[in-house]
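I opened the model to look up helix packing, strand pairing, the chain contact and a few single residues. My entries follow in the order in which I made them.

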Amino acid sequence: MRTGGERVRASRDSGPILSVRNLVTRFRTDRGIVTAVDDVSFDLTPGETLGIVGESGCGKTVTSKSIMRLLPEHVAQYGEQSQVLYKGLNLLKASESEMRRVRGDGIAMIFQEPMTSLNPVFTVGWQLDEALKYHTNLNKRERRDRIIEMLRLVEIPNPEKRIGEYPHQLSGGMRQRVMIAIALCCEPDVLIADEPTTALDVTIQAQILDLMNGLKERLNTAIILITHDLGVVAQVCDRVQVMYAGRVIESAPVGEVFHNPQHPYTRGLLDSIPKQGGKQKGARLPAIAGIVPSLWELPPGCRFQERCKHKQQQCVDQEPALVEVDGHARRCHFPLGQTLATLTVGAQ
Amino acid sequence: MALIEVRNLVKHFPVRGGVLNRVVGRVHAVNGVSFDVQRGETVGVVGESGCGKSTLGKTIIRLTDPTAGSIKYDGREITTLGHSAMMPIRRKMQIIFQDPYSSLNPRLTVRSLLREAIRFHDVVPPGETDDYIAELIKTVGMRPDAADKFPHEFSGGQRQRLGIARALSVKPEFIVADEPVSALDVSIQAQVLNLMMDLKEKFGLTLVFISHDLKVIEHFCDRVLVMYLGHVVESLPTTDLHTRARHPYTRALLGANPIDDPNDRRPLTVLQGDVPSPFSPPPGCPFQTRCPRVMDRCRSEMPVLVQRGGGESLGAEAERVACWAVEADERSGVTSAAR
């Protein structure tokens, strides 16, 4: 790619490309104010893939849309202390014209449903051209070459012909690849992929993941991958944040999360997946009892306490803080696999 | 004797188009499928969207009529049975749908939607209906006050439990479960799978379990049928799936499934080529456009589903595969499954 290499190398030395600090997102609703994302913080360095994992309603999509400021501003409010720092700019306070420069060029997003996120009345080529027209100074011919190059990069056969086609003429996997091409055509520093493969078949999912990995290596793009599929996380992420009812409840390198989970919810999620090769065929899965609490009726203390096997009185009385020990953070009074010694260190 | 015997089942859907709305083509949703389901067995059907697995499920319980072929239930031919002759058999065959949001009537309370089928089939005497409903609700692990609520008052997992309660309400022998856990979150999926496993034991159910998720199939089923574009391309016991699956498509499915262990990272199997249109499948093998082992013969001749090592059994233990490349391996004495 044209300038990708040098630009990325420069930013790698200067630390994180994106910092989310104490992100709180509230919605005004008919039933009062509800806090969908409650105190989420993370750093993202170039070339890193961060996985955000959790079940429906845990706040993972709201987190990503808050970063992009895509939530309707008349109902969404951000916390006073909240910051999303991108190149020194706090995106939560940025003006709409500043945001327009960041979106697509600096931070790009891929949505879950490729059919509804592409405009059905414009051709594929037109939709790619829109972003290039806005963010680059290329002339028409150069843009066309660039579009064809991008479509070839995402392995769309016959791109010269495809740019004149409409989204309905493409298969689901191809539409998602077009979405990726649109997201990547301005070589963003950060790519947010919100359940990019959930609606796709496994063989197509494999193609998309393979493609995203390849692009990361070539352009050193930082990726935030939002998913509920732990298999996908295990294969592509470097770090993982597990969310539950608006809170980050565990955050650690991917190997730690899978092999040394410290929050009972993370453990429960891992145990809920049937094992490959039918290793426990016919056995009951150690499921987590109960359901996710409604954000309007959160229990006192720890938000997971009603479903937790290890619940104690302290869990009802007091919400645990997110405590980090050796790069592994968890929000639990009684983390799994911890000796008393490390617990005391963590509490200090 | 097998509880369900399906032979050469075909289901085509007409496609209409043009100004006169004439039939312009046919979608070959199910294209000559044969298999048996033994009493008490759980057969998984796996495949990607559009492979015909849901149509197969609906056709074997005659929610849609087959274009050709035959279906026997407990030895009795049911393919052409009329409405009233079918009724007592319908009671024995039930279905659980994928989408718990759209498969329950939103205007009926749980009690009335369960009562409908119970009264229609006269499952219990009228005076005992309420007690029976209360027991059903308890059986699927819900609180008794659920009976007087409406479907919208429940979460996805609870609605799926209600879908299961409705299927069980007429005391069926055989249930088709069409992606019953696909719309649910992981923790809820595990709860519902556990429930289905318990109920299968308790009521001695025979199941056809349709899913796109191989991990769920391996966990839940005794045997798996792998479908591709309306054809069963492979059939084998789930315990042997990883070691003995031979069809290139089954291998690709296994290889494309991300392993949930970050210490075991491996390149996922990526297939080249596109899925052919189900309106006009190519002559020969339906998988030829994406198959890494495609040969000349695959482009002209449809591979036959044959049992490995010969024989004619459609029973539980049989391993059947439809692939010319595998057939060539067999002839040249290659027996290792992993390729």
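I looked up which residues join helix 5 and helix 8 of chain A: V124(A), Q127(A), L128(A) and A131(A) in helix 5 meet V178(A), A181(A) and I182(A) in helix 8. Contact here is a C-beta to C-beta distance within 7 Å, with C-beta atoms placed from the backbone. I sorted the residues of this contact by class and got 6 nonpolar, 1 polar and no charged. For the classes, Ala, Val, Leu, Ile, Met, Phe, Trp, Tyr, Cys and Pro are nonpolar, Asp, Glu, Lys and Arg are charged, and the others, Gly among them, are polar.

This is a predicted model, where local features need pLDDT of at least 70 and side-chain atom pairs count only at pLDDT 80 or more, while totals for chains, interfaces and linings use all residues. Residues are numbered from 1 along each chain as its sequence is written, and chains are lettered from A and ligands numbered from 1 in the order in which they are written.

I then took the geometry of the pair. The axes of helix 5 and helix 8 (residues 172–184) of chain A come within 9 Å and cross at roughly 20°. Helix 5 of chain A is therefore roughly parallel to helix 8 of chain A (angles under 35 degrees count as such). The crossing of helix 5 of chain A past helix 8 of chain A is right-handed, meaning that the near helix is turned clockwise from the far one by less than a right angle. Axes are lines fitted to C-alpha atoms, for helices over the stretch in contact, and angles run from 0 to 180 degrees between N-to-C directions.

I stayed on helix 5 of chain A (residues 124–135) for K133(A). The C-alpha atom of K133(A) is 7.9 Å from that of R143(A), 10 residues apart along the chain.

Next I went to the strands of chain A. Strand 1 (residues 18–29) and strand 2 (residues 32–44) of chain A pair antiparallel over 10 bridges, and they form a hairpin with 2 residues between them. Pairing needs at least two DSSP bridges between the strands. Helices (H or I, at least four residues) and strands (E, at least two) are DSSP runs, numbered from the N terminus. R26(A) has T35(A) in strand 2 of chain A as its bridge partner. In strand 1 of chain A I also noted N22(A), whose phi is positive, about 45°, although it is not a glycine.

In chain B I found an open sheet of 4 strands in the order 2-1-4-5, with antiparallel pairing. Strand 2 (22–37) and strand 5 (76–77) of chain B are at the edges, each with a single partner strand, so one side of each has no neighbour in the sheet. Strand 1 of chain B is joined to strand 4 of chain B by 5 bridges, and E5(B) stands opposite K72(B) there.

Last, I checked the contact between the chains. Chain B puts in 38 residues and chain A 35. Helix 6 (186–203), helix 7 (214–220) and helix 9 (248–256) of chain B each supply at least two residues of the side that touches chain A. Helix 6 of chain B gives the most, with 9 residues. The side of chain B that touches chain A has 15 nonpolar, 15 polar and 8 charged residues.

Definitions and conventions: Parallel < 35°, antiparallel > 145°, perpendicular 65-115°, else oblique. Contact = placed C-beta atoms within 7 Å.
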